Amino acid sequence: MNKNLYVGDRDVDLFHWAEAYAHETRRGVNAVVFMGLELLRAQVEGDQVKSDQADDDQS
């Protein structure tokens, strides 16, 4: 696995926050990033379920 991470200029502040949070909570930066991805996935999948239910209701 490639352990290099490119952070674009617009995301530098967010990455610094992730580093600080990781340090405060004794987690790795990867763990903090994946926590966010898990929340995003749950939201997207929840939105998809709601969308599918709305489509079924319209049928």
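1. A word on exposure to begin with: a residue is called buried under 20% relative accessible area, exposed over 50%, and partly exposed in between, using a 1.4 Å probe and protein chains only. By that scale D55 is partly exposed, with a relative accessible area of 41%. Accessible areas come from the Shrake-Rupley method with a 1.4 Å probe, and for residues only the protein chains shown count as cover.

2. Please keep in mind that this is a predicted model: local features need pLDDT of at least 70, side-chain atom pairs count only at pLDDT 80 or more, and totals for chains, interfaces and linings use all residues. Residues are numbered from 1 along each chain as its sequence is written, and side-chain values use heavy atoms, with hydrogens and water left out.

3. On the overall fold, the chain has two helices and zero strands. The radius of gyration is 17 Å, well over the 10 Å that the globule rule gives for 59 residues, so the chain is more spread out than a compact globule. That radius is taken over C-alpha atoms, and the globule rule is 2.2 Å times the number of residues to the power 0.38. Along the principal axes, the C-alpha atoms fill a box of roughly 50 × 25 × 25 Å. Helices (H or I, at least four residues) and strands (E, at least two) are DSSP runs, numbered from the N terminus.

4. How much of the chain is buried? Of its 59 residues, 7% count as buried. The accessible surface comes to about 5600 Å², and carbon and sulfur atoms account for 52% of that area.

5. Now to helix α2, which covers residues 29-58 and holds V44. A nonpolar surface patch is formed by V33, F34, L37, L40 and V44, with about 450 Å² of accessible area together. V44 itself is partly exposed at a relative accessible area of 48%. Patches are made of residues with over 30% relative accessible area and no salt bridge; like charges are joined within 9 Å, and nonpolar side chains (Val, Leu, Ile, Met, Phe, Trp, Tyr) within 5 Å.

6. There is a charged patch to look at as well: D52, D55, D56 and D57 gather in a patch of negative charge on the surface. Across the chain, the mean positions of the 6 positive and 12 negative charges are 11 Å apart. Here Lys and Arg count as positive and Asp and Glu as negative, without His and the chain ends; each charge is placed at NZ of Lys, CZ of Arg, CG of Asp or CD of Glu.

7. How many salt bridges are there? The count comes to one, where a salt bridge is a side-chain nitrogen of Lys or Arg within 4 Å of a carboxyl oxygen of Asp or Glu. D11 pairs with R10, the closest N and O atoms being 4.0 Å apart. R10 counts as exposed at 77% relative accessibility, while D11 is partly exposed at 28%. D11 and D52 are 41 residues apart in sequence and 33 Å apart in space, C-alpha to C-alpha.

8. Last, the connection between the helices. R26 lies in the loop between α1 and α2 and is exposed, with a relative accessible area of 81%. Do check its backbone: R26 has a positive phi of about 60° although it is not a glycine. Most residues other than glycine have a negative phi.
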